[in-house]
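Please look over the model below before reading on. My comments are set out as numbered points.

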Amino acid sequence: MSKYVAALPMYDWPEARGEVDAQWARLRDAFRQRGIDAPEAVVRSNRELPPVPGGIRDDAGKPIAPDPATLPPDEFDFLQLWLSPALLFGQTCWGPMELGLALHVQVIAQPSYDAFEGGQGELYSSALVMAADGGPSVASPADGKAVIPLDLIRGKRFTFNDPDSMSGLIGLTRDLEAMDKSLDIFASRSESGGHRSSIVAVAEGRADIAAIDCESWALAQRFEPAAKGVRVVGWTARRKGLPYITAGTTPEKTIAAMREAVATVESGASEQPLVQPVG
């Protein structure tokens, strides 16, 4: 059994888990071919994370997260995953990275978003969705610049997935600031807990607008019935998408081998080919 853990949690919708498992199987086999002790399967709960008696600590010995064994076993705390010293391969968001996570992990590669409207190479953007009113959806701009319909969103109830989310909150905040505006343009703000929940809240009338990253929006159009009750009214600017990461203690030799693997293993895959690794 591998001493490491891996996870691809950011787009791991229940209906897409077979695809996520297949993606990991390709990566796992490529890693093993290069002598890396890759785990058989991805983890999806706190109980699957290795215990860290006394809690997870940084290089200076300062506690930065509790022992995963003390957390609700059936839940999945992404921060625990990202900070786990056993993390071989994971996926995060540039929001948490900018807010301190980058101090404790190493970036392996950036996936390509070419397969999704709103994506281009390693860059992605978010669709701004509001309740369907019979009007057409706004197409993603070819230049990747923000399309923010101020008159349409002013005074509306905004919901977002997580305060640390680049796609759901931080990106839109920055686009508004570039227009000399702020989140105060909205009548209220609420946290939904996930992009899918944001779409449902808008469709059901509990919120008026949400920013949904382009891959999550593609998943919603495949699997979430509430997506039929909303339409795209704008887009955030394109930014770097969700990076693949490993623990800060992962040896450079292992990282180099993983970068080589992810550069080639899915170059011909239709699901989500990987672009040139970071580093």
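1. Basis. This is a predicted model, in which local features need pLDDT of at least 70, side-chain atom pairs count only at pLDDT 80 or more, and totals for chains, interfaces and linings use all residues. Residues are numbered from 1 along each chain as its sequence is written, and side-chain values use heavy atoms, with hydrogens and water left out.

2. Aromatic pairs. Rings of Phe, Tyr and Trp (its six-membered ring) pair if their centres lie within 6.5 Å; planes under 30 degrees apart are stacked, over 60 edge-to-face, and the rest tilted. The count comes to 10 aromatic pairs. One of them joins Trp24 and Phe31 edge-to-face, at 5.9 Å centre to centre and 65° between the planes. Both Trp24 and Phe31 are buried (under 20% relative accessible area, with exposed over 50% and partly exposed in between, for a 1.4 Å probe and protein chains only).

3. A link across the chain. Phe31 also pairs with Phe89: the ring centres are 5.5 Å apart and the planes stand at 55°, so this pair is tilted. Helices (H or I, at least four residues) and strands (E, at least two) are DSSP runs, numbered from the N terminus. Why do Phe31 and Phe89 count as buried? Phe31 has 0% relative accessibility, and the relative accessible area of Phe89 is 0%. Ring pairs link Trp24, Phe31, Phe89 and Tyr244 into a cluster.

4. The four-stranded sheet. Strands of a sheet pair through backbone hydrogen bonds, either parallel or antiparallel. Here two strands pair if DSSP finds at least two bridges between them. Four strands form an open sheet in the order β1-β4-β13-β5, with mixed pairing. The edge strands are β1 (5-6) and β5, each pairing on one side only.

5. Its contacts, strand by strand. β1 and β4 run parallel and are joined by two bridges; Ala6 stands opposite Phe89 in β4. β4 then pairs with strand β13 (residues 244-247) in the antiparallel sense, over two bridges, and Gly90 stands opposite Ile245. Strand β5 (residues 105-109) is antiparallel to β13, with four bridges. Ala109 stands opposite Tyr244 there.

6. An enclosed strand. Six of the six residues of strand β11 (residues 230-235) are buried, so this strand is largely enclosed by the rest of the structure. Strand β7 (residues 126-131) pairs with β11 in the antiparallel sense over five bridges. Val129 has Val232 in β11 as its bridge partner.

7. Helix α5. Helix α5 (residues 166-178) deserves a check. Its 13 residues have end C-alpha atoms only 16 Å apart, short of the 18 Å that a straight helix would reach at 1.5 Å a residue. The expected span is 1.5 Å times one less than the number of residues. α5 is mostly covered, with 10 of its 13 residues buried, among them Met166, Leu169, Ile170 and Asp175. Asp180 follows α5 and has a positive phi, near 60°.

8. The largest pocket. A pocket is an open set of points on a 1 Å grid over the protein atoms alone, with protein on both sides within 12 Å along at least five of seven lines; a cavity is a set where a 1.4 Å probe fits but cannot get out; lining residues have an atom within 4 Å of a point. The largest pocket holds about 920 Å³ of space. Of its 35 lining residues, the closest to the centre are Met10, Phe78, Asn161, Asp162 and Gly193. α2 (78-83) and α6 (195-203) are the elements that give two or more residues to this lining, and α2 supplies the largest share, four residues.

9. The cavity. There is one cavity of 30 Å³ or more. Its lining residues include Tyr124, Met166, Gly171 and Arg239. α5 gives the most to the lining, with three residues.

How values were computed
Points joined across faces, edges and corners; volume = space filled by probe spheres on them.
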